[in-house]
Amino acid sequence: MFVWKTSVAQAVLGCILFSIVCLELAIAHDGVRYVNAEWKRPEQNQEGSHSCVAKRLADNSEEVACSTEVKFRQKPPAEYASKIKKAKEKMRQLESQYDDCQVENDRKDRLMQIQANLTDTIHRLVTDSDIQALRSSWATLTAGPDGRNVFGNNFVLWMLKTIPNMRERFEKFNAHQSDEALKNDNEFVKQVKLIVGGLQSFIDNLENPGQLQATIERLAAIHLKMRPSIGAGYFGPLQNNIHDFIEDTLKVGADDAAPKSWTRLLTAFNDVLNSYANYYIGLSDTDKVALQSSWRKLTTGAEGKRNAGVKLVLWMFNNVPNMRDRFTKFNAHKSDEALKTDAEFLKQVDAIIGGFETLINNVNDADLLLNRLESLADEHLEKKPAISSNYFGPLQKKIQLFIEGALRVGSDSDEARAWTHLVGALNKVIKDHAIHNLGLSDVDREALVSSWNQLTGRAGGSRNAGTNLVLWMLENVPNMRDRFTKFNARQSDDNLRKDTEFVKQVDLITGGLESMIDNVNNPILLHDAMVRLADAHMNLKPRVGLEYFSPLQRHIHSYIEKALGVSADSAAPRAWTDLLTAFNNVLKDRTFLRIVSSDDKKALHSSWNTLVTQAGDKQRAGTKLVLWMFDNVPNMRDRFTKFNAHSSDEALRKDTEFIKQVDVIVGGIESMINNVDDGDHFQAAVERLVDVHLHMSPSVGLEYFGALQQNIRSYMQRELRVTADSAEARAWTHLFVTFNEFLADHTTQNIGLSVTDRKVLDRTWKQLISSGKQEAGIKFVLW
C-alpha cells in the first residue's frame, strides 16, 4: 500500500517567484524538513522517497513539483486519527502561508512603485526655500529654556480646538478637560512629547531627502496602523489650518514664508498618508473603476440592490463553508425559495449588501474607505462567536466565481479581479484587527519572530534555545521542578541536558512556542494553537494552569532582556509578555469552561427537557423559574421597570411585559444549554449573555447571579425531585459558576483594572496600612 502526501508545493504547480522573506517562511522552514519529519512513519521496514523537480521558465521564475512516497504496513486507521489531524492542520498552515506570501509579494511591488512616486512628490513640495523657512520658524517656535514643551502644549491644545473630533480620539486621558488640567495630566504630557518628537524628526532630516521621505513614511504608517486608524480625516484639517497657528504664534502675515512652508510640509505628509492608505487597502485605479461599473450592473432595476443581495447571500451559503450554521435568527438550511420570503433572512441580505455598498461608495476616498473597512471588520469581530477570516478567507478566494456568473465576464476580467481585491482588503483588516484583539500589536508580531530567530541563532537551533528557556523556567516558575515525574528536575543543568525525558519535554515546550510564533500573522491559526496548547495543559493530571503560566507571564521579560541583551522597554520583552498574556486569557477561559463536565452537559440537556415537559412548554417552564427567582434572588423584583414585579404570581402570568422578560431569560438559558457541547460556541453564548447584563443601566452583575448560583440547586431539587448531590443539581450549579467566572472577569475588564493592577493595589495597600488604617488615612488626607 502506498500513501501519497500532497503538499502545497505539489498541488500548486505554477509560476512561483517568492521574495526572500516568503522563501524562508514557506520553503526553508516548512518544506523538506516538514516532509521528512511529519510523514516519517513509526512502522518498521518502511520504504520511501522524496523528490522535487524544478524547471526554470522564460521569466526567470521556477515551476516546482514535489512528491513524497512512503510504503508501509498499515495499522488500524483509528490509531492514525491524531496524526492525520495534525497533518491537516499543518497543511492548512502551509496553504495560509503560501497565500500570504503571494499577497505580500504583490504588495511589495506596489510599495516600491509608490515610494518612487513619493520621492518626486516630496521633492516638488518641499523646496530649498521651504527648508530654510521651516528651520528658522522651528527655532523661533521652540526658543527658550522650556521652549519645546511650551510650544508642544500650545500646538496640541490648538489642534484639540481646531481639528474635528480630535478630542474623542484619545483614550488614555480626558481630552475634554480644561487647558490647565490637561497640562498637568501625565498622559497628555506624553502625547505632547510624541507629537513634538514627530515634528522634530521632520526638521532634523529636511536636508537629507531620502531620510526625510523615510521619516514621513514611517510616521504615516504608524498613524494608519493605530486602532482605529488616524488618516486624512485628522491630517486634512491640520494641513488646511496650520497656517493660522503659525501666523498667530509667530505674528507674521499669510504671505510670509513660514506659514506657506508648514502648509507645504503637511501637504507632502498627506500625500504620503493617502498613498499608504491606498497601498494598505490594495485597490488599483482600474479596480476602483471596475467596482463602480460592476456595482451599477449588479444593482440595476427597481429592486436591484435587494435582488443582487439575495443572489449573493444564497451563493455565499453554497460557497463559504459553515456559513449557513452561523445564523440563529432564521433557518439558513431552508430552500432558496423559502429563504426569499423569510423576513429575518431579508434583513441579513440588506445588511450584507449595505456593507458592500458603503465600500463601493467610498472607493475613491482612501481615508473613508479604510474607515469603513475597519468599522465592518470590528462589527464582525465583535459578534459572539466572532466572524473572522475563517469566513472571509474562502469568500476572498471564490468571489470572482460569483462575479463571473452574475456579470458573464471572464476570470481574468477587471471586474473579477477587482472584487477579489476588495474582499481581500476587508479580509486583511479583519486579520489585523483579530490579532490586535488578541493583544498583539504589529510591533509585537515583528519582535516575536525576530527575537525567536535571534534566540535560536545564538543557541544553535530550536532545541538548544528551548533548553535554555526551560532551564530558566525551572528556576523562575514556582514549583515547576516538582511538576515533572518522568525525570528528576532537580538534577544539575548539565545532567538535565543529557536526560532523554527532559529533552522530550523541551521539544514539547519548544514546539508549543513555535506553533504560536509561526502563526502570529494569522489570527485563526494563532487562536487555534493557543486553544490546543491550553487544552493540552488542562488535560494533564494534575492539570497545568495559571498557577504556572501567570508567573511565566510576569517574569518572561527578564529572560528575554538577559538572553538578547536588550533593555526592559525594548520591543522584544514587551512582545513576549503580550504573547503570554494573550495565551493566559485563552487558558483562563478554557479553565472556566472545564467547570462544566461531560456528566454536567448530559444532565443539563436531560433536566431542561424534563422541566419543559413537566411544565407543558418552554414559556411555562421559564415562568416557574422566574417566579422562583423573584423569591430567592434578593432585590430581583426591584430590578424591573416595565412591569410591577411585586404583583401576585397569577397577575404576573397575565402580564405581557413579564412574559416578554420570561422569553428573554429562557432564550438566554437555552443559548447556553444548546451550545454546551461545543466549547467555542458555549463560551460565545456565555460571554454574549454576560455582556448584555453588564451593558444594562444599571448593570446586572454578581449581586444577582451570585445568589442564583448559590440557590439554583434547591430549585432543581424541588422541580426534578432529586437530591442535593444529584447530577442535575450539580450541573446547574456548575453552569452558573461558569457564568459567574466570566461575569466577574468581564466586570473587572470593564472597570479597567488588569490582573497586575489588582495585585499591585493589594500589595501596596497592605504596605500603606502596615502602621494601621487610621494612620494611613491621616497621612493621605494631610497630603
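Author: Let's start with pLDDT, the predictor's confidence in each residue, from 0 to 100. This is a predicted model, where local features need pLDDT of at least 70, side-chain atom pairs count only at pLDDT 80 or more, and totals for chains, interfaces and linings use all residues. Residues are numbered from 1 along each chain as its sequence is written, and side-chain values use heavy atoms, with hydrogens and water left out.

The protein has a mean pLDDT of 85, with 87% of its residues at 70 or more. Over residues 1-43, though, pLDDT is below 50, and beyond near neighbours in sequence that stretch has 99 contacts in the model (contact means heavy atoms within 4.5 Å). Where pLDDT is low, the predicted coordinates should not be read in detail.

Now the helix pair. Helices here are DSSP runs (H or I, at least four residues), numbered from the N terminus. H10 (residues 209-224) packs against H12 (residues 257-281) at about 55 degrees, with the axes 9 Å apart; axes are lines fitted to C-alpha atoms over the stretch in contact, and angles run from 0 to 180 degrees between N-to-C directions. That makes H10 oblique to H12 (under 35 degrees is roughly parallel, over 145 roughly antiparallel, 65 to 115 roughly perpendicular, and the rest oblique).

Who does the touching? From H10 it's Ile216, Glu217, Leu219, Ala220, Ala221 and Leu224, and from H12 it's Phe269, Val272, Leu273, Tyr276, Ala277 and Tyr280. By class, that contact has 11 nonpolar residues, no polar ones and one charged (Ala, Val, Leu, Ile, Met, Phe, Trp, Tyr, Cys and Pro count as nonpolar, Asp, Glu, Lys and Arg as charged, and the others, Gly among them, as polar).

Conventions. Helix = DSSP H or I, 4+ residues; strand = E, 2+ residues; numbered from the N terminus.
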